[in-house]
Amino acid sequence: SALNCVMAQRLIRLICPKCKREGYVDAELLELSGLDPQRYAGQKWYEGAGCEHCHGTGYRGRAAITEFLDLSPAIRQMIIERRPLPELQQAALSEGLVTLRQSALAKVLNGETTLKEINRVTFID
């Protein structure tokens, strides 16, 4: 009854701004990432080539991805009743929960990080 919210966070590496370039993501990586290759066919992808600024890694700096669950009365009641996790997850998603994976994917689509990086730090939905 004292719990108001739950927050999960991870740090992801950001593409180095000095050597950022347009990259290529094949259908196999999209499928391994849980994404539909047809839906993302026209998407621009970015990567870091590696430079002195990033010590050849292609990444420079980090950013947080977050998942924030605000406990509504309905979800609070489900927790008290010890409902199964899939039911809780479905209820949270229907109330607007943005998962870690969704937060990370938004950063990929904005050209801030790579699919390989988010696959490293998040579970595929």
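Colleague: How do the residues of the lining of the largest pocket divide into nonpolar, polar and charged?

Modeller: In this predicted model, the lining holds eleven nonpolar residues, two polar ones and one charged one. There are 14 lining residues, and Glu67, Leu69, Leu85, Gln89 and Leu97 lie nearest the centre of the pocket.

Colleague: What makes up the lining of the second largest pocket, by class?

Modeller: That lining has eight nonpolar, six polar and two charged residues. Its 16 residues include Tyr24, Tyr46, Glu47, Thr114 and Lys116, which lie nearest the centre. Strand 3 (45-48) and helix 5 (115-121) each give two or more residues, and strand 3 gives the most, with four. The volume of this pocket is about 260 Å³.

Colleague: Why is the aromatic pair of Tyr40 and Trp45 called tilted?

Modeller: Two values decide the matter. The ring centres are 6.2 Å apart, and rings pair if their centres lie within 6.5 Å. The planes make an angle of 50 degrees; stacked requires under 30 degrees and edge-to-face over 60, so the pair is tilted. A search of the whole structure finds one aromatic pair. Tyr40 and Trp45 are both buried, which means that each has under 20% relative accessible area.

Colleague: How do you know that the charged end of Arg13 sits over the ring of Tyr59?

Modeller: The charged end of Arg13 is 4.0 Å from the centre of the Tyr59 ring, and the distance cut-off is within 6 Å. A second condition concerns direction: the charge must also be within 35 degrees of the ring normal. The charged end of Arg13 is therefore said to sit over this ring. Lys20 likewise lies over the face of Tyr46, at 4.9 Å from the ring centre.

Colleague: Which residues have the most contacts inside the largest nonpolar core?

Modeller: Leu30, Trp45, Leu105 and Leu115 have the most contacts in this core of 15 residues. Helix 1 (27-32), helix 4 (100-109) and helix 5 each supply at least two of its residues, and the largest share, four residues, comes from helix 4.

How values were computed:
Residues are numbered from 1 along each chain as its sequence is written. This is a predicted model: local features need pLDDT of at least 70, side-chain atom pairs count only at pLDDT 80 or more; totals for chains, interfaces and linings use all residues. Side-chain values use heavy atoms; hydrogens and water are left out. Rings of Phe, Tyr and Trp (its six-membered ring) pair if their centres lie within 6.5 Å; planes under 30 degrees apart count as stacked, over 60 as edge-to-face and the rest as tilted. Buried means under 20% relative accessible area, exposed over 50%, partly exposed in between (1.4 Å probe, protein chains only). On a 1 Å grid over the protein atoms alone, a cavity is a set of points where a 1.4 Å probe fits but cannot get out, and a pocket is an open set with protein on both sides within 12 Å along at least five of seven lines; lining residues have an atom within 4 Å of a point. Ala, Val, Leu, Ile, Met, Phe, Trp, Tyr, Cys and Pro count as nonpolar, Asp, Glu, Lys and Arg as charged, and the others, Gly among them, as polar. Grid points are joined across faces, edges and corners, and a volume is the space filled by probe spheres set on the points. A nonpolar core is a set of buried Ala, Val, Leu, Ile, Met, Phe, Trp, Tyr and Cys residues joined through side-chain atoms within 4.5 Å.
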